[in-house]
Each structure stands twice: as structure tokens, then as C-alpha cells.
Amino acid sequence: MKKITIIGSGLSGIAASCYLANNNYDVTVIEKNEAPGGRLSFFEDNGFIFDMGPSWYWMPEVFENFFKDFGREIDDYYKLKRLDPSYKFFFPDSEINIPANLDSLYSLFEKKEPGAASQLEKFIYEAKSKYDISMKHFIYLSNNKYNSYLSPKILKYLFSLDLFKSLRKHIDSFFKNKQLKEILEFPSMFLGGSPNNTPALYSLMNYGDIVGGTWYPIGGMYEVTKGFYKLSKELGVNYILNEEISGFNIDNGKIISAKSKNNKSYFSDLYICCAEYPFVQMQLLDKKYRTYKSKYWSKKNIAPSALIFYLGLSKKINNLEHHNLFFDENFEEHLNDIFEKNLWPENPLFYVCCPSKTDASVVPDQTKENLFILVPIGAGSIDSNEIREKTFNKIIQRIEEKTKQEISNKIISKTSFCVNDFKTRYNAYKGNAYGLANTLFQTAIFKPKIKDKKINNLYYSGHFTVPGPGLPPAVISGNIVANEIINEDRT
């Protein structure tokens, strides 16, 4: 039985461990932090349960198919609830709830712009086509071989995927109303990019959002990690927590063992790094074994970092939904600040999650409220307590103005997380929150390879390689790397 060591227990690493253990590999996952999950983690403070990272649950069929691969159902591990409204937008002069019901959404668009309902129907039809083609033919491909993308079956669909047009231009061709366009553009930020540099291919995310729905695992997003972790344990995966890998012993192009900061050695036949790709390349590997050096990474479009606040409130607040997007400032200035100038946005757009609107288990009692506030900022931005507090005061003031109530006097628990914390906890390159932006030349074959070019028993998973940022892509990434290993062993 071959031994495999997975370094890092993000969702892609746990997913890979399940597929490999199910195929009779002896799998051990080594995690530097106190619990599995990577960015999909949580902490508790004074009875408030805070999800630390991802808070959106889209593309539920990816998770359903994952559990079905092992003869299980999602309900065996966690319970889902579809949110309605899916989310709420705060614009300068209006508020818009995005309904889960498709006919209601058509009506909303039509009220904003005559003819927009039929345009939205066409837009969704095209987005569905991209979604179906991508899920069936592209998204599960390993990017180790170019010819995987050059088969007649793949080339047949290449030009129908709108790879060479920006998402913004694509949306502009359907709608004139500024608010409607911004409603459709916002998922690009979950892909680590802007609507200007994200290919129109990714309108498939709009389909996943509008038709697939926005869901929530009762108990919090960490229930997903717990579910994946529980399944992996059932399949025989071993875990070693609070153990940080510091380097490798390499001989003749092959890793013999991984070394930890506790001076332990882990011998294995194969290794998967679910840890951040740039960190592995620039910190864990000696220079002669690096495929991608610092110059390579410095030229890449790195996804934004984020300033996050976790707030526990003593009283309920009105006028917020579970997911809330504050687009009450200039979208273009915000994009320019974080993507072009690579700095703190002067007047940022931001996101507020209020899971206690859906789930009483995340607060000490039902009179309390749980808030997660995320402000996208440029990767590598200067981080200090002074900047955090200055931004916090601006943000809270805007939330209070929009919700028409005081919040600052209700705060009984407050924690922040930013660039320095991303670096410390996750070894995140430039403190990024999402990995590589999904621009045209950072998609599929253009991403860092899932198998190392210089070390023949080293593989990678996660948001710096295929398919990219997000929870569903993380699950798929784990599937891809496991299949790569399994198929190589069969040949």
C-alpha cells in the first residue's frame, strides 16, 4: 500500500485524502494549525461562533456529487437551507433584495429596466451553456498536459465559452442599468478578479448563483469542514495537527521525507501540498528545485486580501439579511484602488454576513447578533492596527446609516483579521485571501501545474492551481489531484 502525505488540510486536501484513501492508499494529512479546514475554519468567543473565512455556499451539486462518490448523502453530514432572499444590495439611493425565485428576479429586473427580464433569460441561458460545458468537459481536467485541452471534443466548444471577452463587456451587451450590471458583476470578486479582467466564461457563476441558489449549512460554514473531515476519518485518513512542515529531503528528483519544525521526519511515497503554492516553492524547496521563482509570482495577478471583522452584538439589528453587499460607494474607484493601485480603497465596497438571521446556534442566545464584515483590499497592503481601526470606524458608520440604527454601542465581542494574519496563519502569499485571480492567462493550462515539474513525487492542490478560488473549486481540485495520482499508478 502506497503512503501519501498531504501537507495542509484545506478543503482540497481533505477531498483528495478521501478519494485516495478510498482507493487503498495510506493517507496522512499534516496541518500546521490546531484544526483542519484551512481558510474554512472557525473560532468561538463568548458564545459567538464565527466562521473565519468562506461564508457563501454555491454550486451545491459539487458537494452532492462528492459525497455520492463515496455512497453518502450530504444529509449524513450536515443540513442545508436555501436562503431567500439570496442576498441584499445596498446602493447609494436604494436597497434591493435578490429573491431566490427566478420569476421574481425577472420581475425585479424588468422594473429596473424595460426589457431586462427577457435579456436576463437570454443571459442565464448562455451562462447555463457555459456552466454545463465547463462542468462536463473542462473543470475536472488536470493542467499537466496541454493536449488535454486540444482534443476535438474540447476545441469544439472553445469559442462558445467567451474566453476572449471580459465579463463586464459581456454583461454590458445585455443591460444598461448600472445597478443591474453591478448585481451580475459582483461574483467576479469571489474569483479573485474584477469584471474587467475576468473572462466572460465566468458568467457561469451567475448561473450557479441565480439558478443553483445560495445555501447555508446549519451550524455554520465549518460544518462543511467537519463533514469532509468525518468522511475522511471513516475512510481511514490519519491527521497530525499543530505540526508545521519546514522543508524536504530530496534525492534524485524525489522527496524522501518531509521535515517539520519539531524536528520530525515524515517518509512517504508521494506528497501533495495543499499548503499555498508560492510558499511551498519559495520557502520549503531549495532554489534548484523551484519551478516557479519569486519573479514568476511577482508578475501574477494575485487575488485581493481582506480586512475582516468578527462582531458579536448585544442586541438584534434590523434591515440586514444573511448576506449583504454594500455597493453604496463608487465601484470603479474601489476596483481601481485594489487592482490597479494595489492599496487600501479610500471608500471601499464591503460585504456583511449576518448568519444569526438564519441560525440561532451561532449566538449565545436569540437576543444577540453575529456579524462578519469583509472589506476587499489590495494584496500585500500595509497592515496595522491604526489602519484597521480607521477603516472599521468608516464601515460601521456606513452600516449604521444604511440600517438606520446604532451598532457600535452594541458590540460585546470584536476580533479583526487582515494581511498579517493571512500570512501568519495560512502562509498566504502577500496576505492574499483567494489565491490567483481567474484572468484569461491564469485559467486552466495557464495556472501553476498540479504536478511538480522537477520533483516527480510532488503534487499540488488548492486555489493557486486548477480550477481556482472558491469552495466548489477546492473540492474539484482535490478530485483532480487524486485522479492524477490514481491514473498514473494504473499506467
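Guide: A residue counts as buried under 20% relative accessible area and as exposed over 50%, and in between it is partly exposed. Keep in mind that this model is predicted.

Visitor: What do the side chains of Asp365 and Lys368 meet in?

Guide: They meet in a salt bridge, at 2.7 Å from N to O. Lys368 is buried, with a relative accessible area of 16%.

Visitor: How many salt bridges does a search of the whole structure find?

Guide: The search turns up 23. One of them joins the side chains of Asp162 and Lys130, at 3.1 Å from N to O.

Visitor: Why does that pair tie together parts that are apart in sequence?

Guide: Asp162 lies in the loop between α5 (152-158) and α6 (167-172), while Lys130 is in helix α4 (residues 116-138), so the bridge ties together parts 32 residues apart in sequence.

Visitor: Are Asp162 and Lys130 buried or exposed?

Guide: Both Asp162 and Lys130 are buried.

Visitor: And which salt bridge does Arg388 meet in?

Guide: The side chain of Arg388 meets that of Asp421, at 2.8 Å from N to O. This pair links distant parts of the chain. Arg388 is in helix α13 (residues 385-403) and Asp421 in helix α14 (residues 419-426), 33 residues apart.

Visitor: How do Arg388 and Asp421 count for accessibility?

Guide: Arg388 counts as buried, at 7% relative accessibility. Asp421, at 22%, counts as partly exposed.

Visitor: Which residues are linked in a network of salt bridges?

Guide: Arg168, Glu185 and Glu332 are linked that way.

Visitor: New topic. Which residues of helix α2 are buried?

Guide: In α2 (residues 60-68), the buried ones are Pro60, Val62, Phe63, Phe66 and Phe67.

Visitor: Where do they fall, seen down the axis of α2?

Guide: They fall within an arc of 160°, so they line one face of the helix. As a general point, an α-helix has 3.6 residues a turn, so residues three or four places apart point the same way.

Visitor: What covers the buried residues of α2?

Guide: The cover includes α1 (11-21), α4, β8 (215-217), α9 and α15 (471-490).

Visitor: Where is the place of Glu223?

Guide: Glu223 sits in helix α9 (residues 222-234). Glu223 is buried, with a relative accessible area of 17%. Leaving aside neighbours within four places in sequence, Glu223 is in contact with Tyr78, Pro217 and Ile218.

Visitor: What is the second largest cavity lined by?

Guide: Its lining includes Phe186, Met189, Leu325, Tyr351 and Tyr434. The elements that give two or more residues to this lining are β16 (350-353) and β17 (369-377). By class, the lining has 11 nonpolar residues, with no polar and no charged ones.

Visitor: And how much space lies in the largest pocket?

Guide: About 600 Å³. It is lined by 30 residues, and the closest to its centre are Phe138, Tyr149, Leu201, Thr443 and Ala444.

Visitor: Which helices supply at least two residues of that lining?

Guide: Among them are α4, α5 and α8 (204-210). By class, the lining of the largest pocket divides into 26 nonpolar, 3 polar and 1 charged.

Visitor: What volume has the second largest pocket?

Guide: The second largest pocket has about 190 Å³. Its lining has 3 nonpolar, 6 polar and 3 charged residues.

Visitor: Which residues line it?

Guide: They include Tyr140, Ser142, Lys145, Asn483, Glu484 and Glu488.

Visitor: Is Lys145 buried or exposed?

Guide: Lys145 is exposed, because its relative accessible area of 54% is over 50%. Lys145 lies in the loop between α4 and α5.

Visitor: Last one. How many Å apart in space are Lys145 and Val362?

Guide: They are 45 Å apart, C-alpha to C-alpha, and 217 residues apart in sequence.

Key:
Residues are numbered from 1 along each chain as its sequence is written. This is a predicted model: local features need pLDDT of at least 70, side-chain atom pairs count only at pLDDT 80 or more; totals for chains, interfaces and linings use all residues. Side-chain values use heavy atoms; hydrogens and water are left out. A salt bridge is a side-chain nitrogen of Lys or Arg within 4 Å of a carboxyl oxygen of Asp or Glu. Helices (H or I, at least four residues) and strands (E, at least two) are DSSP runs, numbered from the N terminus. Buried means under 20% relative accessible area, exposed over 50%, partly exposed in between (1.4 Å probe, protein chains only). Contact means heavy atoms within 4.5 Å. On a 1 Å grid over the protein atoms alone, a cavity is a set of points where a 1.4 Å probe fits but cannot get out, and a pocket is an open set with protein on both sides within 12 Å along at least five of seven lines; lining residues have an atom within 4 Å of a point. Ala, Val, Leu, Ile, Met, Phe, Trp, Tyr, Cys and Pro count as nonpolar, Asp, Glu, Lys and Arg as charged, and the others, Gly among them, as polar. The arc is that of the directions from the helix axis to the C-beta atoms. Grid points are joined across faces, edges and corners, and a volume is the space filled by probe spheres set on the points.
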